[in-house]
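Please read them alongside the coordinates.

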Amino acid sequence: MKIITGGTEYAVSGKPTIRAGYIRIPLAAVPETLGDTVQIADNSGAVLRDITVADYLRWYTSDSALIFTDTAAATEPTAKEIAAAEAARAEADAKAAAIAALPDKVAAIETAIDDLTVAILEG
């Protein structure tokens with residue numbers, strides 16, 4: 001099996017995966033650029049599938065495979081996003097510490113109520 005794109009043939013090295021919004025084609029060598037279409041063909045040249053590159057959000061190569069997907073590429077967080085995440089984490093840590101201290105505070109309040117109750121009853 002092979003793919004044909006931009007007038008160049010590339011040998012397919014495994015079974016392609018084809019799902020809605022995703023195609024993965026393992027290749028012996030991956031192309032650096034693609035034509036407008038990629039054809040999956042058998043060894044005699046009979047086209048088994050035509051893939052229009054523009055029909056997918058993006059294409060890329062990974063681990064000797066050509067991949068078409070409708071999923072956007074992951075992006076690195078910006079400095080502003082990192083700072084916001086760190087601030088949110090610090091706030092969450094502060095809230096967790098306050099919650100962890102609640103049993104001691106409740107115990108102190110209960111002790112104070114007991115002391116006041118005794119003082120009132122003794123008069």
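1. The largest nonpolar core holds 14 residues, and those with the most contacts inside it are Ile3, Ile25, Leu27, Val38, Ile51, Leu66 and Phe68. A nonpolar core here is a set of buried Ala, Val, Leu, Ile, Met, Phe, Trp, Tyr and Cys residues joined through side-chain atoms within 4.5 Å. Strand 4 (22–26), strand 5 (37–41) and strand 8 (65–69) are the elements that give two or more residues to this core. Helices (H or I, at least four residues) and strands (E, at least two) are DSSP runs, numbered from the N terminus.

2. This is a predicted model: local features need pLDDT of at least 70, side-chain atom pairs count only at pLDDT 80 or more, and totals for chains, interfaces and linings use all residues. Residues are numbered from 1 along each chain as its sequence is written, and side-chain values use heavy atoms, with hydrogens and water left out.

3. Not counting residues up to four places away in sequence, Phe68 touches Gly21, Tyr22, Ile23, Ile25, Leu34, Val38, Ile51, Val53, Tyr56, Arg58 and Trp59. Contact means heavy atoms within 4.5 Å.

4. Lys2 lies in strand 1 (residues 2–5). Lys2 counts as buried because its relative accessibility is 14%; buried means under 20% relative accessible area, exposed over 50%, partly exposed in between (1.4 Å probe, protein chains only). Leaving aside neighbours within four places in sequence, the contacts of Lys2 include Glu9, Tyr10, Gln39 and Asp42.

5. Val106 is found in helix 1 (residues 79–122). At 41% relative accessibility, Val106 counts as partly exposed.
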